[in-house]
Amino acid sequence: MQWITLASAIVGAVIATLSSAFLDRHRWRREQAQRLTDARRALYGEYLASLSKARNAFRLLARDLSASVSEREVSARNSFAPCYEIRYQVAITASREVVAAAEEAFRRLRDVRDLAAAGTLAGDEAYSGGRGEYEAALTELRLTMRKELGSDSLG
C-alpha cells in the first residue's frame with residue numbers, strides 16, 4: 001500500500017512541476033511580446049516625430065524666398081539627417097509590413113527634401129505633388145503601425 005501512496009505523490013509532484021513550468025513559459029512569452037510591443041510603440045513614435053520635424057523644416061525652406069541654393073541644400077540635408085538613424089532602428093525592430101511602409105514614407109520625404117533643397121517653393125506644383133505623395137505614404141505608415149500595435153482594436 002505504501003508504494004501506491006509514494007507513486008501518487010511522485011505523479012502529483014511531476015504534474016505540479018510540469019504545469020508550473022508551462023505557466024512560467026506562457027507568462028514569459030506574454031511578457032516578451034509586451035516588451036516588444038512597448039519598444040515598437042516608442043520607436044514608431046520617435047520615427048514619426050523625426051519625419052515630422054524634417055517635414056516642418058522643409059516647409060519653412062519652401063516658404064523662404066531669401067535663402068540661396070547652397071543654404072537650402074545644407075539646411076535640408078541637416079534637417080533630414082536624424083531620420084536615417086531611426087530608420088535603421090525601425091528596419092531591425094519592426095515587422096516587414098511596417099518596414100516597407102516606413103521606407104516608402106522615408107523615400108517620399110527624401111523627395112520633398114530634394115525639392116526644397118533645389119529651391120522649389122511651396123506654391124509650385126512639383127512641391128505640392130511631392131508633399132501629397134509624402135502625406136499619402138505617411139498615412140499608410142500610420143495605419144500599418146496602428147495595425148501592428150493593435151491600436152485599431154482598442155476602440
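These legends describe close-up views of a predicted model.

**View 1. Helix α1 packs against helix α3.**
Helix α1 covers residues 2–63, and helix α3 covers residues 96–118. Their axes lie 9 Å apart, at an angle of about 15°. Angles under 35 degrees count as roughly parallel, so α1 is roughly parallel to α3. The crossing of α1 past α3 is left-handed. On the α1 side, the contact is made by Y44, Y47, L51, A54, R55, F58 and L61. On the α3 side, look for V98, A102, A105, F106, L109, V112, R113 and A116. By class, this contact has 13 nonpolar residues and two charged ones. It has no polar residues.

**View 2. Helix α2 packs against helix α3.**
Helix α2 spans residues 69–93. The axes of α2 and α3 are 9 Å apart, and the packing angle is about 175°. Angles over 145 degrees count as roughly antiparallel, so α2 and α3 are roughly antiparallel to each other. From α2 come V69, R72, E73, A76, R77, F80, C83, Y84, R87, V90 and A91. They meet V98, V99, A102, E103, F106, L109, R110, R113, A116 and A117 in α3. The residues of this contact divide into 14 nonpolar and seven charged, with no polar ones.

**View 3. F80 sits in helix α2.**
Is F80 buried or exposed? F80 has a relative accessible area of 0%. Buried means under 20%, so F80 is buried. Leave aside neighbours within four places in sequence, and F80 is in contact with A54, F58, F106, L109, R110 and R113. Now find L51. F80 and L51 are 29 residues apart in sequence. In space, their C-alpha atoms are 7.9 Å apart.

**View 4. Helices α3 and α4 cross.**
Helix α4 runs over residues 125–149. The axes of α3 and α4 come within 8 Å and cross at roughly 160°. With the cut-off for roughly antiparallel at over 145 degrees, α3 and α4 are therefore roughly antiparallel to each other. Their crossing is left-handed. What classes of residue make up the contact of α3 with α4? There are 15 nonpolar, two polar and seven charged residues.

**View 5. T144 lies in helix α4.**
The relative accessible area of T144 is 14%. That value falls under the 20% cut-off for buried, so T144 counts as buried. Which residues does T144 touch, not counting those up to four places away in sequence? They are E97, V98 and A101.

**View 6. The largest nonpolar core has 30 residues.**
Those with the most contacts inside this core are Y47, L51, F58, V90, L109 and L141. Which elements give two or more residues to the core? They are α1, α2, α3 and α4. Helix α3 gives the most, with nine residues.

Note on methods:
Residues are numbered from 1 along each chain as its sequence is written. This is a predicted model: local features need pLDDT of at least 70, side-chain atom pairs count only at pLDDT 80 or more; totals for chains, interfaces and linings use all residues. Side-chain values use heavy atoms; hydrogens and water are left out. Helices (H or I, at least four residues) and strands (E, at least two) are DSSP runs, numbered from the N terminus. Buried means under 20% relative accessible area, exposed over 50%, partly exposed in between (1.4 Å probe, protein chains only). Contact means heavy atoms within 4.5 Å. Axes are lines fitted to C-alpha atoms, for helices over the stretch in contact, and angles run from 0 to 180 degrees between N-to-C directions. Angles under 35 degrees count as roughly parallel, over 145 as roughly antiparallel, 65 to 115 as roughly perpendicular and the rest as oblique. A crossing is left-handed if the near helix is turned anticlockwise from the far one by less than a right angle, and right-handed if clockwise. Ala, Val, Leu, Ile, Met, Phe, Trp, Tyr, Cys and Pro count as nonpolar, Asp, Glu, Lys and Arg as charged, and the others, Gly among them, as polar. A nonpolar core is a set of buried Ala, Val, Leu, Ile, Met, Phe, Trp, Tyr and Cys residues joined through side-chain atoms within 4.5 Å.
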